[in-house]
Amino acid sequence: MTSNAGASTRPQKLPSLTGARWWAALAVFVLHALVFLPVYPFQKSELFAAIHRFIPMQLGAAGVTFFFVLSGFVIYWSFRPGSSIPRFYWRRVLKLYPTHLVAAIVFILAASVPLSRFVVWVPNIFLVHTWVPKWTTVGGLNVPSWSLGAEILFYAAFPILLPLVIRIPTRRLWWAIGAIFLAIVVLHTMYFLFVEGPKGIDNTFAPRLLPGDASPEFEIHASPAWFAQADIPVSPSYWLSYTFPLSRLPEFFLGVLAARLVREGLWTNIKLMIPVLALLASYAATWFVPVNYKMSALFIAPMTVLIATMAARDLAGIRGINSSRFMLWLGDISFAFYMIQFPVMVIVTRVFIGGNQFTLSGWLGWTLLSLALSIAAADAIFRWVDAPLMSRFSGRRTRNRQTAATTSTATPSESVSP
């Protein structure tokens, strides 16, 4: 692969983007704790309904959109002229699959998944499950792994489409970004108008509640009974808007073009106030639009602006909380945290929550325990699986993360510096 777009041999480090991954992963965790920790009768209370109105699915969806745009930014930023395409693919596989497999195995053991039902776990293991609109596959095994199906497509497409990206003249980068954003809006509008699915503005990602006031041993998506069902249809428009990999591909390439903007000096804003306010406004707007637009369309522009601004601040030597040593550590483990959080919640539910009754304080306690265990497990996976494998087999020496941002895919896991 070669570049004429001003790629440097060794791109500058962008540590704040590493630290920022943690906040996106934490947003996903908070939503999952509300939905996937079956704390009864709290989840059946009016208090829970009020909380869920203020912390709806858009919170986790915003985190995923951040990951997808960041993935494109980071992959392009760390690209080196003349890089081997097979080596590029090998590094992506090495970064994604070991952590994915560890989390999948933990989930299989924790949820007593019936391995005789190949349709439940085989597509998930190979990360092709999101290409089929069935909950037996889309929601099979470790729910957060659906985003890795999109990442696989991103990585496969990058070397193929990179020559087209490079040929875009610098003066037309803004036009290209505008065209991609317009295409995303048109795509989701087509889904809304012509594809079967929810047309209202209500939140569609809510707990599936079981009878009784005692907490169940399994949240429904982790129940052996769930996996034993012959078929579990999913809304076509929801699937196309949120989990279908091709629908999310433009977000990745927005990140790629944003990296070009920063690298070629076209993005000079270093003030975070504007992108943060734009992001908050887009989040507020999700309460008033159909589900097709809640999950990504409204977040894409402010997320792209936010990522470009943080990168520009790093290049300008501005260091904030996201570039602190503690946040770099959290950023390093954030991919493992993202992947292991749901299996940890399944274990906490099965060991501690099931059969008991809890109020808000109980939910808070089990959420904090799940958070602490997920962080500890993520650190162990990063130290004993991810970092050693990347150091031994990636062909590139792993740096000490105390002095530099380590290679970590932007759901989150690729480094902002090679």
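In the predicted model, helix α1 contributes four residues to the lining of the second largest pocket, the largest share of that lining.

The largest pocket has a volume of about 470 Å³. Of the 18 residues that line this pocket, Trp23, Ala24, Leu279, Met303 and Leu306 are the closest to its centre, and the elements giving two or more residues to the lining are α1 (15-36), α3 (58-77), α12 (273-285) and α14 (297-315). The lining of the largest pocket includes 16 nonpolar and two polar residues, with no charged residues.

The second largest cavity, with a volume of about 40 Å³, is lined by Val35, Pro38, Tyr40, Gln43, Pro207, Arg208, Pro216, Phe218, Glu219 and Ile220. These lining residues fall into seven nonpolar, one polar and two charged.

Helix α4, formed by residues 85-111, has 27 residues and reaches 38 Å from its first C-alpha to its last, a span close to the 39 Å expected at 1.5 Å a residue. At the start of α4, a side-chain oxygen of Ser84 comes to within 3.2 Å of the backbone nitrogen of Arg87, whereas just after the helix Ser112 adopts a positive phi of about 50 degrees.

Note on methods: Residues numbered from 1 in each chain as written. Predicted model: local features only at pLDDT ≥ 70, side-chain atom pairs only at ≥ 80, totals over all residues. Heavy atoms only, no water. Expected span 1.5 Å × (residues − 1). Polar contact = N/O pair within 3.5 Å; in protein donor to acceptor, adjacent residues only side chain to side chain. 1 Å grid on protein atoms, 1.4 Å probe; cavity = no way out; pocket = protein on both sides within 12 Å on 5 of 7 lines; lining within 4 Å. Points joined across faces, edges and corners; volume = space filled by probe spheres on them. Nonpolar A, V, L, I, M, F, W, Y, C, P; charged D, E, K, R; others polar.
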